[in-house]
Amino acid sequence: MHPLRQIRIVGVLSLRTLHTRIRSSWVIVAALTVVSVVLLSALAVREGIILAYLGVGHADRAIITSMGSVREVGSAIPGSSLGPILDAPGIRKAPDGGPLAEAETYEFYGPLTQRNQDTGATGIRGIGPKGLQISPEIRIAEGRYLRSGTREVLAGVLARQRFAGTELGDRITLLDGGQWTVVGHFSTGTFLDGEFIVDPQVMSSALRRTTYNTVLVSLKSSESLEDLKNALTTNPALSVTVERQSDFWKRQFDNLPVAPLILDYVVSLLLAAGAVSGILHTMHSTVGARAREIAILRTVGFGGYPVAVAIVCEAMLFAGIGAVIGTAIDWLWLNEYPMMAAYGVFRIRVTPHLLGVALGWALATALVGAIVPAVQEARLEVVDALGRV
Amino acid sequence: MKHLRLVWANLWRKPIRTLFLFASVVFGFTLWGLVLGFKADLGRVSESVNAARIYTYPRFARALTLAQMPQVSQMHGVSQVGALAAIGGYFQVPKNRVAILMQGPGMREVFPDLPLTSQQWAMLAKTRTGIFVSRLYAIRYGLEAGSRFPIICPEVLKADGSDVWTFEVLGVVPDIPLMPVGFATGNFDYLDQARPESERGRIQQFWVLARDATRTDAVARQIDGWFASSGSPTRSLSEKALLATEGGGGDALAVLISLALAGMIMVAALTANALRHSVRERSTELAVMKAIGFSNLAIVAHVLIEAALPCLVGCFVGLSLAAGLAAMMPRLLPTSVILPVPMIDPAVVASGICAALLVAVVAVAAPAWRIARLDVATALARP
């Protein structure tokens, strides 16, 4: 008989008797569930940070920061530089005819009281009406936009979930220690959701600043960056860096002190070794339980390897179920959870891509765990197989 | 003793399975030790809090000066004031963020937990560009006494416009619980004299000691009230309140602890599974033991030892592995990753032993039930 046909027959036979072994196979499912939960938890946090950071940047916008600054916090653009910046070429025109560009302020502020009474900190951005035209992804989810010149504040949807005093009409202590009224909630699907937005002019005067942090520019087209860059960097009166907004946020992400994933992989690898132990035990007893069936198959001329393949596949099936359950647990437990990090609030994301990672790990673990019992079966002489019955 | 030899023989009946099971127990406890060690280390921070200490910051950027110091020290309820400036920048690449605490006047009195001897304070006063670094800090950036440590600070410029500050390491001092990720400390005069004239006298914080630790918050409010309508208003927080903010590690720690628990549940499941198989395969043997007079209790105790032995040994090996990893961690982590080092203290070891015993008891529950119900005659009648 053709080996593939043998494998098919043994496979069908295994499936038909599978229900008798479900009880003894729970440990494979349980072990791989734990491995997947642990593996994906750290990956989902990282996935969340990547999506949050890279989501802010767009290729058709440029961000102007002061020369040498690494982050928005350290960047300072004096008010006197705004004129030449706004007159530069390559900037898209607003409907009113002026340049579609805006000087924005930023401050990392804490301690803020969280809903669980712990304290935390996050960014506060000054974004005016023009900023909203440049970044249309900032949508008001509830309430209304700020009236300019007032001490009003918009809370991002994640900031609202994490921090106390962020419901519509609440008054919250910010920046200069005064009270600011929450008039709306906004959502962007990016890192900004964990922050607050106020009027940039009001923020500047509240903090007694004469400088802005950044200038955000909507480019005529994504190729106009070079024109803008040439005009600004050759102007001796300015000391600024011009960058595509997407590159800037990529750089912010690269500079994050994120604990390396290697730790997560090491821990997951250790737990997977534990799962291998569970698979070994289970597959040995599976083989024991099917001794009669295997002996008959071998006697009527089936080879050893189809049986081995069936054993490995069975382990993989249960391991795969564990991976799916583990991913589902992480999804229910962590997905969209607003995590508080040292640099702000972001959503943890369990994406389909991560399900693939979990399945890959589970199948590899099952292969490693089942290979010893499978090869032992394959090498068994027909006489010995019969002898076990 | 008889029991132990029997248990030992049983454990090695299937060596591959036993080794894998043992490995999974070891790894489960390695994870347990690292996670609880982190928790223990962060717990030390809140234990070391000085309840009388207040940090006073400028409410607006760059607006706190040494000139305000005498006013603070004369306030009612204030016993000591120190002035601190910090140079923040990066080492080699922007990812490696570093900060150096530049100790201004009065810091020695308000920061007695800084482990510098009188001699070292004198060295610091004598050497303007000198710094002392803690052990962790030294390992992270590869420093030792005599090393030069250049950092780039785009936000702190020298009078000549340069943003490179070069320090000379005078020595390595022990770490302190208040600063779990290490610290570097230098001389404020270096910063102050090298800056442009317009920046001189500017500091980042006052550290204030309240006379009465129960009135710390009142003193903090008093300082802020005093400067509220001046040109440089302040924002004061007690050390206790400030440490509750920092870290933001609360969420991450909660997730880590859940993972350690998940790992332990897996160890329990694997041990239970192994024991179930082992008892089932040996039912005839157990029946013989019963027949020759072993009581149910004795046999269950025997199985319990069989479960507890790998768990306890695995616990010790796992925790030792965790302690070893913790000791190597500062060297293994890249320079940009600043993490506290897990501390495997007696409480962590005790929790590990409890977890190991609990796992063994949980794993034995089902087989024990099986043994108690095992009918000697039926079991012996089986071929």
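# A tour of a predicted two-chain model

In chain A, strands β7(A) and β8(A) form a hairpin with three residues between them, and A:Leu175 in the turn has a positive phi of about 50 degrees. The model you are looking at is a predicted one, so every value here is computed from that prediction.

Strand β7 of chain A covers residues 171–174 and strand β8 of chain A covers residues 178–187. The two run antiparallel and are joined by four bridges. If you want to find one of these pairs in the viewer, look for A:Leu174, whose bridge partner in β8(A) is A:Gly178.

Now zoom out. Chain A comes to 13 helices and 14 strands, while chain B has 14 helices and nine strands.

How do the chains fill space? The C-alpha atoms of chain A fill a box of roughly 95 × 45 × 35 Å along the principal axes. For chain B, the C-alpha trace spans about 100 × 45 × 35 Å along its principal axes.

Which radius of gyration does chain A have, beside that of a compact globule of 389 residues? Chain A has 30 Å, whereas such a globule would have a value near 21 Å.

## Strands of chain B

Strand β3 of chain B, residues 97–103, runs parallel to β7(B), and three bridges join them. Here B:Gln103 stands opposite B:Asn187. Strand β4 of chain B, residues 130–134, pairs with β7(B) too, this time in the antiparallel sense and over three bridges. In that pairing, B:Phe132 stands opposite B:Thr185 of β7(B).

## Helices that cross

| Helix pair | Axes come within | Crossing angle |
|---|---|---|
| α2(A) and α11(A) | 7 Å | roughly 45 degrees |
| α12(B) and α13(B) | 8 Å | roughly 150 degrees |
| α2(B) and α13(B) | 10 Å | roughly 145 degrees |

In chain A, helix α2 takes in residues 26–56 and helix α11 residues 304–334, and their axes cross at roughly 45 degrees. Therefore α2(A) and α11(A) are oblique to each other. Their crossing is right-handed. The contact includes A:Leu32, A:Val35 and A:Leu40 from α2(A), and A:Phe318, A:Gly322 and A:Ile325 from α11(A). Sorted by class, the residues of this contact are 17 nonpolar, six polar and one charged.

In chain B, helix α12 holds residues 296–332 and helix α13 holds residues 346–373, with axes that cross at roughly 150 degrees. That angle makes α12(B) roughly antiparallel to α13(B). The crossing of α12(B) and α13(B) is right-handed. What is the contact made of, by class? It has 22 nonpolar residues, two polar ones and no charged ones.

Helix α13(B) also meets α2(B), and α2(B) passes α13(B) in a right-handed crossing. On the α2(B) side you can pick out B:Phe29, B:Trp32, B:Gly33, B:Leu36, B:Gly37 and B:Ala40. They meet B:Ala347, B:Val348, B:Ser351, B:Gly352 and B:Ala355 in α13(B). The contact of α2(B) with α13(B) counts seven nonpolar, four polar and no charged residues.

## Where the chains meet

Finally, look at the place where the chains touch. How many residues of chain B are in contact with chain A? There are 43, and they contact 41 residues of chain A. Three helices of chain B, namely α2 (15–47), α9 (239–245) and α10 (250–281), each supply at least two residues of the side that touches chain A. The largest share comes from α10(B), with 14 residues. By class, this side of chain B has 25 nonpolar, 10 polar and eight charged residues.

How values were computed. Residues numbered from 1 in each chain as written. Chains lettered and ligands numbered in written order. Predicted model: local features only at pLDDT ≥ 70, side-chain atom pairs only at ≥ 80, totals over all residues. Pairing = 2+ DSSP bridges. Contact = placed C-beta atoms within 7 Å. Nonpolar A, V, L, I, M, F, W, Y, C, P; charged D, E, K, R; others polar. Axes fitted to C-alpha atoms, helices over the stretch in contact; angles between N-to-C directions. Parallel < 35°, antiparallel > 145°, perpendicular 65-115°, else oblique. Left-handed = near helix turned anticlockwise from the far one by under 90°. Rg over C-alpha atoms; globule rule 2.2 N^0.38 Å.
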